[in-house]
Amino acid sequence: MTWKMRNFVSRHHHGQMYGEQTYCGGHLIPVSDLAREIADRRGLDMATLDKVNNIALCHDILEDTNCTEQELESYIGTSSTEVVKLLTKVPQKTYEQYIDDILEDELATIVKIADTMVNLQTSVLGNQKGRVHKYSQQLMLLHKKTGVNE
């Protein structure tokens, strides 16, 4: 991760916490690291790994901050911004449509799996049974629809 990208993400998520940690250190960086590992194991090239890294770092930025699509695009480009938009929950979409749209894009799917796994791990460690159930179900849905278990 470049310092420029880290500063951009940290600035926008300033003051947000993920448990006892900053949102960037406690959630975004672990999601980014895991997404990159998943992408690497799928044999994606170095440029795509960097793209996955940036998308993962920014996956919550449109949903949770005042960052605009235009500002995001100036940092990560148009195609990566489009993937972040897929990962952004909007009230007009049902949960099923949201997941189905993500699954149409390989990079969005990788980041959503990593996001779900980090949320699941944090929930298990925090003994948050409701969240453990939620993220377990989400992970099973993502894997089922991608055919990972077949």
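In α3, the residues Thr 48, Leu 49, Val 52, Asn 53, Ile 55, Ala 56 and Leu 57 are buried, where buried means under 20% relative accessible area, exposed over 50% and partly exposed in between (1.4 Å probe, protein chains only). This is a predicted model, in which local features need pLDDT of at least 70 and side-chain atom pairs count only at pLDDT 80 or more, while totals for chains, interfaces and linings use all residues. Residues are numbered from 1 along each chain as its sequence is written, and side-chain values use heavy atoms, with hydrogens and water left out.

**Exercise 1.** Find what span helix α3 should have, and how far apart its end C-alpha atoms are.

*Solution.* The expected span is 1.5 Å times one less than the number of residues. With 12 residues (46-57), α3 should therefore span 16 Å, and its end C-alpha atoms, 17 Å apart, agree with this.

**Exercise 2.** Decide whether the ring pair of Phe 8 and Tyr 75 is stacked or edge-to-face.

*Solution.* Rings of Phe, Tyr and Trp (its six-membered ring) pair if their centres lie within 6.5 Å; planes under 30 degrees apart count as stacked, over 60 as edge-to-face and the rest as tilted. By this rule there are 2 aromatic pairs. The rings of Phe 8 and Tyr 75 have centres 3.8 Å apart and planes at 20 degrees, so this pair is stacked. Phe 8 is buried, at 1% relative accessible area, whereas Tyr 75 is partly exposed, at 30%. For Tyr 18 and Tyr 23, the centres are 5.9 Å apart and the planes at 75 degrees, so that pair is edge-to-face.

How values were computed: Helices (H or I, at least four residues) and strands (E, at least two) are DSSP runs, numbered from the N terminus.
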